[in-house]
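I set down here, in order, what I looked up in this structure. The entries are brief and each keeps to one topic.

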Amino acid sequence: MEVTKPMPSKSKTIFIFDLDGTVTKQETLPLIANSFGLEDEINALTEQTIAGNIPFVESFIQRVAILGKLDVNEVNQLLSNVKLFEGIAEFINTRHEQCVIATGNCCEWVSGLASRLSCECYSSSAIVENNKIVKLKSILKKESIVKRYQAEGYQVVFIGDGNNDMEAMRQADIAIACGLTHYPANSIMSVADYAVFNECSLLRLLHQINHAQQGTSVVLSCAGIGSRLGLAKTKALIEVGGKKLIHFQLEVFEKVEDLRVVVGFQARSVIQAVLDKREDVIFVYNHDYFQTKTGTSFFLGSRHANEFCVAWDGDLVVHPDDVDHCIDFDGEYVGCSDIVSEDAVFIKTDDNKNVIAFALDNGDFEWSGPAKIKRDNIKYLSTNVFNQIEGLLPLPYLKIRAQDIDTYEDYKNAIKFIESWSNEK
Ligand SMILES: [Mg+2]
C-alpha cells in the first residue's frame, strides 16, 4: 500500500501488528472463499500451508490466483465489514503514530478494512485489470518493515500469529505470539518472547511495554526440566494432592491480575494446562531453559512487568493463609521458612529482621522463596533467584510456611504438607 502518512518519529517504541487473526477476529482469505463459494479449493491450500507442506509465499500466490477472478470492489467491500478486536483497534487508533499494520494481504482487497485503523498499513499489492486481480506486483516481507524502523532507532514490538510472521518476529526486539483466533503457529512460538491468548492480557502487555505500570506482578517460573526430581516432567505438570501443581498455583493466584508464567521445557503442555483454567495469563518464554536457572526466568518474566515483581518458583507450595501476605507485603522482601528441605539454601539474619546473607552450610532459616523485588533491580543472570537477591541485601525477611519440591523426598513432603492444612479445615 502506498505510504500516505509520515513515518512516526517521536516515540521510541513502535508496535507492528499482523492484520489477519491478530487485529481481525477472522482470517480474511477463507472468508472471501466462503462468501464466493470457493472454499474447497482455498481450504485445501490453507490446510497444506498450516501443516508446513507448502511455503507461505507459494500458497499465497496460488490463493490469489484462485480469488483474483472475483470482483475487487466486492471483495474489498466484504472485508471492510470484518469484525475487529475492539480493544486492539482502539489501542491502535489512539496511538496511530506508534502503531503500524503489516499484512501479506493485497491492498486492493484490504484498503477498506485498513481505513478503519488510523495507522500506517503496509501490504502486498497487485495489478488490477477490469476490476480483477491479474497479477501480484509485490509480496510484503514483514521483516523489512521491522528492520526499517530499527534502523531509525525504534524498539520494535511485533504482534503476530502465523507462519508468515516468523521472520519479522525473529528480527523484532520484542515478539508477541498472539493466540486470539487460533493457536499461534509452532514456528513463531520458537522465536516469541511472549504468548497471549486473550485480548485483555495482550492489551495489558502492550500497555506495560509502552509505559512502566504501578502495582505488583507475579512471575511464576515453570521453565525447568525438573532434573533432580526424576519424574521426567517439568514440575508444573506433576500431580500433588490429586491435581497438577500448576492448577494448584492458579488457585493460589486467583486474585492476581498480572500473572506471568515463564515456560520452557514442555512449554506447550504447560500453556495448555494453564489455559484449561485461566486465559488471561501472560506467557513468557525462556528458550534457554536448559542452560539457565530460575534467575533467568525471573529476569525474563519481570521485563515489562509492573513496578514490583514477586518471584515464585513453579515448585513452591505455600500455605494458603500466607499467600496474600507474600503478594501484598509493602516493598521488597525475601521469603523464608523453617528448615525443611533436603538441599536447602540457608539465610542468615540480623536483629532487625533482615536477611544479611545466603549460605550453603547453615543459617537461621531456609530460603524458600518467594521474594518481592523492584522490577528495576532485577538484572539478567544465568543462575538462581537468590544469586540475584544477594546483591540487594540487606532486605527484610518474611517468614512463611512453605515447601519446595526439588527432590523426590521433597515431593513426598509436599504431599504431606498439603494434607496437613487440608485436614485443618
Ligand atoms: Mg495472521
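Entry 1, terms and model. I take helices (H or I, at least four residues) and strands (E, at least two) as DSSP runs, numbered from the N terminus. The model is predicted, with local features needing pLDDT of at least 70 and side-chain atom pairs counting only at pLDDT 80 or more, while totals for chains, interfaces and linings use all residues. Residues are numbered from 1 along each chain as its sequence is written, and side-chain values use heavy atoms, with hydrogens and water left out.

I used a 1 Å grid over the protein atoms alone, on which a pocket is an open set of points where a 1.4 Å probe fits, with protein on both sides within 12 Å along at least five of seven lines; lining residues have an atom within 4 Å of a point. The second largest pocket holds about 680 Å³ of space. I found 28 residues in its lining, and Glu27, Ile50, Gly162, Asn163 and His182 lie nearest the centre. Helix H1 (28-35), helix H2 (39-50), helix H3 (56-67), strand S2 (99-106) and helix H9 (186-189) each supply at least two lining residues. H2 gives the largest share, four residues.

I looked for donors, meaning N, O and S atoms within 2.8 Å of the metal (3.2 Å for Na, K and Ca); water is not among the atoms, so sites may look incomplete. The protein donors are Asp18 (OD), Asp20 (O) and Asp161 (OD), lying 2.2 Å from the ion. Their spacing in sequence is D-x1-D-x140-D. I call a residue buried under 20% relative accessible area, exposed over 50% and partly exposed in between (1.4 Å probe, protein chains only). Asp18 is buried at 4%, and Asp20 is buried at 11%.

I searched the whole structure for disulfides (pairs of cysteine sulfur atoms within 2.5 Å) and found zero. Cys106 is in no disulfide, and the nearest cysteine sulfur, that of Cys107, is 7.1 Å away.

Strands count as paired if DSSP finds at least two bridges between them. S13 (residues 308-313) pairs with S18 in the antiparallel sense over four bridges, and Cys309 has Ile373 as its bridge partner in S18. S15 (residues 333-337) also runs antiparallel to S18, joined by four bridges, with Cys336 opposite Trp367.

Notes
Grid points are joined across faces, edges and corners, and a volume is the space filled by probe spheres set on the points.
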